[in-house]
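Work through the exercises below with the sequence and the model side by side. Try each task before reading its solution.

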Amino acid sequence: MIDYRRLRVALLGAGAVGSQVADLLIRHADELADRSGAALELAGIAVRDIDAPRDVDLPRELLTTDADTLIVGSDIVIELMGGIDTARAHILTALNSGADVVTGNKALLATHGAEIFDAADQVGASVYYEAAVAGAIPIIRPLRDSLAGDRVQRIMGIVNGTTNYILDRMDEEGAEMGDILVDAQRLGYAEADPTADIEGYDAAQKAAILASLAFHTSVPLDAVHREGITSITKTTMDAARHAGYVIKLLAVCERVTGRASASDRTAGSDEAISVRVYPALIRRSHPLANVHGVNNAVFVEAEAAGNLMFYGAGAGGVQTASAVLGDVVSAARRHIAGGVGVGESTRANLPVLDIGQVVTRYQVTLEVDDRPGVLARVAGILSEGRVSIATVEQTIQPSPDGEAGTGSARLVIGTHKALEQDLDETVKRLAGDDVVIRVASVLRVEGD
Ligand code: NDP
Ligand code: HSE
C-alpha cells in the first residue's frame, strides 16, 4: 500500500450531482489515490438541511451546514451548490485560502468568471469546470489543453438536453411543444419553471464559457445573442422536415474576419467573434442532426484539426459526477506536482460582434396573396435588401370557394448567405407589404 500524501477535499452540495460525487469519492478512494498520486480525504459535505433526503446514503457525520469552516484548510473545494451569490463567496474564500476549486456552476462562471479566474491567478490556484458545459462530455479540457495549439474557427453545440428532447420529439412525432414539455417535466428533464432551458438562458451561459475558452477572450454573458425555442411550432417543424432539415437549439461561437468596426479592433487584427444561441435549421446529414433525446454534442471546427465532434450525456447526477471527479484528479495532481495553476487565457481579447453583423443563410416562410406579380414583388424586396435567393418553394392554398388565383400561397425562400441586419430590414419590409399576408417564420440555416 503506497503511503500517499493526504489532500483534504471539501464538497459543497449533496444534490443530484454532489451526492454522486461523494459516493464515488468514498467508494473509489483507492483507485482515485493511485490515479492522482494523493489520498483524497473527503473532509465534509456542506448542505442546507442535514436531514433532507439524498439520492445515495452518505455518512451522516460528514454532513454540515457550516460551509465556511469546512472550506478553511482544504486543498480542493468542490462547489456543487448552484446559485450565484453564496457559491461565488465560497469559491473566492477557497481560492484565497490556497485551495483549487472544482465547479459545475455555469451560471456563476458565465456571470462572474472573470473575477473568479483573476482571484485564482492572484494566488496561483486553478479553477476546473469540466461539468459546467455539456455534463459528462469532455469539452472544456479539449478546448483548454488539446486544442491549445490550434485555432478554433467555429463551435456549434447542442448544449441543452431539455430543449433537444423537446425538439427531437416534435420532429419525430409531429407533436406540439406544450404536450412534450409536460412529459419532459414528468420525466425530470425539465424544471417546473422551464424558462432557463426553453428560453435559451442555460445554453447562452454555456456558449459564453465555450467562446471564452475557444477564442482566448473573456466573453460576457450579455454579449451572447439569445433566442429560445418557443416560436417553434408543429408547422415550422413539419416544413423543416419537408425541406430536408431538422431544427436544433444551437450555441454557435464563431471567429469572423473583416467585420469588426474600426473602433472595436484589437491592435493589428481584423478578427472578431460572434456568440449566439437560437433555434436553427441543420441538414439531416449533419452529425448534429443525429443527436437525439436529452443528449448533447459539441461540433468543433479547428484550422489544423478539422472537424471534431464531442457527444454524450449533457446532464444527470452520476454522469456529471464523472466530469467533476476528472477535475478533482487534475487538481490533486497539480497539488502534488506544485507550481502555479493553469490560468485562463484571455490575451486575444477579440471584440464580440452584434447579431446584426452575423452572416449566415436563412429560410423565410411567407404567406402571400396568390395573384399575378406577387413573386416578382417579393423577389424585388429581397433584391433591394441585398438578400440573394437560393431556393423558392411555393405551395398554393386555394380559396374556400375553390376559384384559382384568389387564394393564398405559402412561399418558403432559402437565401444565400446574407448579413443579419440586411435580412432583418428586408423581413420588416416584407411584413409591411400589401402582398404579404404574414411572415410565418424566419430561421437561420447553420452547418452548410
Ligand atoms: P441540486 O439542487 O440537486 O443540489 C444542490 C445542493 O447544494 C443541495 O445538496 C443543497 O443542500 C446544497 N445547497 C444549496 N444551497 C446551499 C447553501 N447555501 N449552503 C449549503 N448547501 C447548499 O443541484 P445539482 O446537483 O443538480 O447541481 C449542482 C451544480 O451542478 C449546479 O451549478 C448545476 O448547474 C451544475 N450541473 C448540474 C447538472 C445536473 O445534471 N444536475 C449538470 C451539469 C451541471 P440540501 O440538499 O440540503 O438542499
Ligand atoms: N438543464 C440543463 C439541460 C442541464 O437541460 O441540459 C444542466 O445544464
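The chain's secondary structure comprises 14 helices and 17 strands. These are DSSP runs (helices H or I, at least four residues; strands E, at least two), numbered from the N terminus. The model is predicted, and its local features need pLDDT of at least 70. Residues are numbered from 1 along each chain as its sequence is written.

**Exercise 1.** Compare the radius of gyration of the chain with that of a compact globule.

*Solution.* Start with the rule: 2.2 Å times the number of residues to the power 0.38, with the radius taken over C-alpha atoms. For 448 residues, a compact globule would have a radius near 22 Å. The chain has 25 Å, which agrees. Then take the box along the principal axes: the C-alpha atoms fill roughly 85 × 55 × 35 Å.

**Exercise 2.** Find what share of the chain's residues is buried.

*Solution.* Apply the cut-offs: buried is under 20% relative accessible area, exposed over 50%, partly exposed in between (1.4 Å probe, protein chains only). Buried residues make up 53% of the 448.

**Exercise 3.** Which residues of helix α13 are buried, and which exposed residues does the face turned away from them carry?

*Solution.* Locate α13 at residues 374-384. Its buried residues are Val374, Val378, Ile381 and Leu382. They lie on the same side of α13, because their arc around the axis is only 100°. That arc is of the directions from the helix axis to the C-beta atoms. Now turn to the opposite face: Ala376, Ser383 and Glu384 are exposed there.

**Exercise 4.** What covers the buried residues of α13?

*Solution.* Search by contact (heavy atoms within 4.5 Å). The cover includes β13 (359-369), β14 (389-397), β15 (408-415) and α14 (420-431). Finish past the helix: Arg386 follows α13 and has a positive phi, near 60°.

Technical notes
Chains are lettered from A and ligands numbered from 1 in the order in which they are written. This is a predicted model: local features need pLDDT of at least 70, side-chain atom pairs count only at pLDDT 80 or more; totals for chains, interfaces and linings use all residues. Side-chain values use heavy atoms; hydrogens and water are left out.
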